[in-house]
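Student: Please give me a close look at a single part of this model, and then show me how its surroundings are put together. I'd enjoy one connected walk-through.

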Amino acid sequence: NDRHSGKQSASRILKENDPGQARMTSVDNAFDFRQSPFWAKYMNSIGWNVEIVDSIQIYIRKFPWVNAAFIKIQHPLGKIPFKKLDMLAKKYHVISIVIEPHAASYDERQFLQNGYQISSMHHAPTATRKINIQKPIKEIKSFFSENGKRNIKKAKKNNLKIHVVLTKDDRNNTYFEMFHTLQKTLTRLKKFYAPGYGESKKKNEALKNGSFFVFAYDKKEPI
């Protein structure tokens with residue numbers, strides 16, 4: 001099999017795991033949402049098989065018309081069960097495995113010893129910024145980019161109002177429709193990719209009991 005571990009993730013994580021660096025905080029060590037039952041439900045709804053091996057969720061995509069498949073594992077905590085993963089790969093006739101490691105459990109030597117190599121392929125964001133919101137507000141703000149700080153000042157100046165809606169309370173999908181319309185406008189202006197309506201709706205349904213929308217209003221209009 002052609003095996004991969006994420007290139008940018010690897011280089012970033014090696015730096016964080018350097019003995020000379022500060023010890024990782026509990027936020028760095030946090031469980032990743034892409035290993036949650038909610039995310040597994042979403043992945044299953046868009047055509048991925050989900051297998052759980054040693055508490056790690058493994059996502060398998062079968063190719064149509066051929067007896068072959070592709071595996072990806074996103075940010076798992078704990079040791080990768082390489083031998084069991086090989087058995088799973090044989091079961092599904094897997095031609096490629098991509099693993100996006102978690103910062104708290106990444107050891108490049110283990111991947112290399114088990115036949116994996118650094119890859120430029122990415123199936124999850126190349127970086128995840130986690131901020132401990134139990135910290136003092138001044139310390140939290142220190143994590144913001146200069147552009148983010150300017151946007152906050154601009155929002156205050158224009159008296160924007162923030163409205164939070166629990167997804168489970170959006171019974172007729174009014175707020176989902178609003179969110180999708182705003183997202184579609186933003187992707188057109190900023191020229192970046194976002195899933196289409198069908199996939200976004202499936203994600204909304206899968207995450208309904210554990211997520212929320214945040215809208216900014218300029219007077220009575222969401223922006």
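**A helix and its sheet**

Tutor: In helix H7, the buried residues are Phe176, His180, Gln183 and Thr187 (buried is under 20% relative accessible area, exposed over 50% and partly exposed in between, with a 1.4 Å probe and protein chains only). Viewed along the axis of H7, these buried residues fall within an arc of 65° (taken from the directions from the helix axis to the C-beta atoms), so they line one face of the helix. The opposite face, turned away from the buried side, carries the exposed residues Arg188 and Leu189.

A word on the ground rules. This is a predicted model, in which local features need pLDDT of at least 70 and side-chain atom pairs count only at pLDDT 80 or more, while totals for chains, interfaces and linings use all residues. Residues are numbered from 1 along each chain as its sequence is written, and side-chain values use heavy atoms, with hydrogens and water left out. Helices (H or I, at least four residues) and strands (E, at least two) are DSSP runs numbered from the N terminus.

The buried residues of H7 pack against helix H8 (197-206) and strand E8 (212-218), where contact means heavy atoms within 4.5 Å.

Strand E8 belongs to an open sheet of 3 strands in the order E7-E8-E9, with antiparallel pairing (two strands pair if DSSP finds at least two bridges between them). E7 and E8 are joined by 6 bridges, and in one of the pairings Leu166 has Phe212 of E8 as its bridge partner. The hairpin of E8 and E9 has 2 residues between the strands, and Lys219 there takes a positive phi near 65°. E8 and E9 run antiparallel and share 2 bridges, with Asp218 opposite Glu221 in E9. H7 packs on this sheet, touching E7, E8 and E9, and its direction makes about 65° with that of E8 (axes are lines fitted to C-alpha atoms, for helices over the stretch in contact, and angles run from 0 to 180 degrees between N-to-C directions).

The loops on either side of H7 deserve a look too. Asn173 sits in the loop between E7 and H7; its phi is near 65°, a positive value in a residue other than glycine. Asn173 is buried, at a relative accessible area of 13%. Just after H7 comes Lys191, in the loop between H7 and H8. Lys191 also isn't a glycine, yet has a positive phi of about 60°. With 72% relative accessibility, Lys191 counts as exposed. Lys208, in the loop between H8 and E8, counts as buried at 16%. Setting aside neighbours within four places in sequence, Lys208 is in contact with Thr167, Lys168, Asp170 and Asn173.

Strand E3 (residues 56-62) runs antiparallel to E4 and is joined to it by 4 bridges, with Arg61 opposite Phe70. The two strands form a hairpin with 6 residues between them, and in its turn Trp65 has a positive phi of about 75°. E4 also pairs with strand E5 (residues 94-100), here in the parallel sense over 6 bridges, and Ile73 stands opposite Ile99 in E5. From E4 the chain crosses through helix H3 (residues 82-92) to E5, a right-handed β-α-β crossover (with the strands pointing away from the viewer, the path from the first strand over the helix to the second runs clockwise).
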